[in-house]
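Trainee: Hi, could you walk me through this one? I have a few quick questions.
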Amino acid sequence: MRSPLSCFITFAANRAKAEASKADNPNWWEAIKSPFADEYWKAAVKDSTWAFEIKRYPYGLIKKIKAHFCVRGDQEIHGVDFFETYAPVVQWTTIRLMLILEVLLSLKSKQGDITAAFIHADVEEGENNYVEMPRGFIKQGKILKLRKMLYGLRQSPRAFWLYLTEKMTLSGMEQSTLDPCFFIGVKVICIYNVDNLIFWAMDEADIDTLAIQLIAAGVLLEHKSDAAGFLGVRMETDQATG
């Protein structure tokens, strides 16, 4: 593979094997033997690929190197493999409003990154998603049947948005009617964008309480610092002027 990140393939594969072998994480995929004709599998089974990403801090230093196992979603057929794909993203007017309120009201903020966001949601009942085994795991005559959504599937963003909305509601957060990615609680306000959450509250302890509730509900939330760095935007507050 001619990629500047090719040296990390072995590392990513070994780590993925270790994760997949854990007793508490065996059920996001299922290796099955092909019982049908080769022609059927050529049409039904989607190719897979690895996607590598370097995440950086706003000032340029490398934060982490990530590897995603992805499905070739471009091989899906609308009306056969999926039906709906709509998933909203937060409006920039909402983000700007909250950043202004953070300064004016001296709100505390925290950012959370959802680990492997798209594999949280289950495959919908009646859907059958078959994928070729990833490079480094290939076994002759075997493929994967997904039990969870996976990166690359066109319906994955929508499935995760519905999943997260449900978990937010269970944690006492109400979805805004003006922005579907804006959630309001008694003490905490939250914005959701793709796989990131930003929380605001008068007391940081209230943010921690909500984060614990989401983690208990099954959301793999990784705590970060304040809202600075969101979408590569660096924010600084002048304590003298507020």
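Trainee: How do β10 and β11 pair, and over how many bridges?
Mentor: β10 and β11 pair in the antiparallel sense over 6 bridges. Strands here are DSSP runs of E with at least two residues, helices are runs of H or I with at least four residues, and both are numbered from the N terminus. Two strands count as paired if DSSP finds at least two bridges between them. This is a predicted model, where local features need pLDDT of at least 70 and side-chain atom pairs count only at pLDDT 80 or more, while totals for chains, interfaces and linings use all residues. Residues are numbered from 1 along each chain as its sequence is written, and side-chain values use heavy atoms, with hydrogens and water left out.

Trainee: Which residue stands opposite Phe-199 in β11?
Mentor: That is Cys-190. In the hairpin of β10 and β11, 2 residues sit between the strands, and Val-194 takes a positive phi near 60°.

Trainee: What is the strand order in the sheet?
Mentor: The open sheet has 6 strands in the order β8-β9-β10-β11-β5-β12, with antiparallel pairing. Its edge strands, β8 (174-175) and β12 (221-223), each pair on one side only.

Trainee: Is β11 buried or exposed?
Mentor: β11 is mostly covered, with 6 of its 6 residues buried. Buried means under 20% relative accessible area, exposed means over 50%, and partly exposed is in between (1.4 Å probe, protein chains only). Asn-196, Ile-198 and Trp-200 point one way from β11, while Leu-197, Phe-199 and Ala-201 point the other way.

Trainee: And which residues touch the most other members of the largest nonpolar core?
Mentor: Leu-197 and Phe-199 do, in a core of 47 residues. Such a core is a set of buried Ala, Val, Leu, Ile, Met, Phe, Trp, Tyr and Cys residues joined through side-chain atoms within 4.5 Å. Helix α4 gives the most to this core, with 6 residues.

Trainee: What does the side chain of Asn-196 contact?
Mentor: The Asn-196 side chain makes a polar contact with the side chain of Gln-111 at 3.4 Å. A polar contact is a pair of N or O atoms within 3.5 Å; within protein, one must be able to donate a hydrogen and the other to accept it, and residues adjacent in sequence count only if both atoms are side-chain atoms. Asn-196 is buried, with a relative accessible area of 11%, and Asp-113 stands opposite Asn-196.

Trainee: New topic: how many salt bridges are there in the whole structure?
Mentor: A search finds 7, where a salt bridge is a side-chain nitrogen of Lys or Arg within 4 Å of a carboxyl oxygen of Asp or Glu. Lys-110 and Asp-208 meet in one of them (2.8 Å, N to O). Lys-110 lies in strand β5 and Asp-208 in helix α5, so this pair ties together parts that are 98 residues apart in sequence.

Trainee: Which other residue forms a salt bridge with Lys-110?
Mentor: Glu-204 does, with the closest N and O atoms 3.5 Å apart. Glu-204 is in helix α5 and Lys-110 in strand β5, 94 residues apart. At 14% relative accessibility Lys-110 counts as buried, whereas Glu-204 is partly exposed at 36%.

Trainee: Where else do Arg side chains take part?
Mentor: Arg-72 meets Asp-74 in a salt bridge (2.8 Å, N to O), and Arg-72 is partly exposed at 32% relative accessibility.
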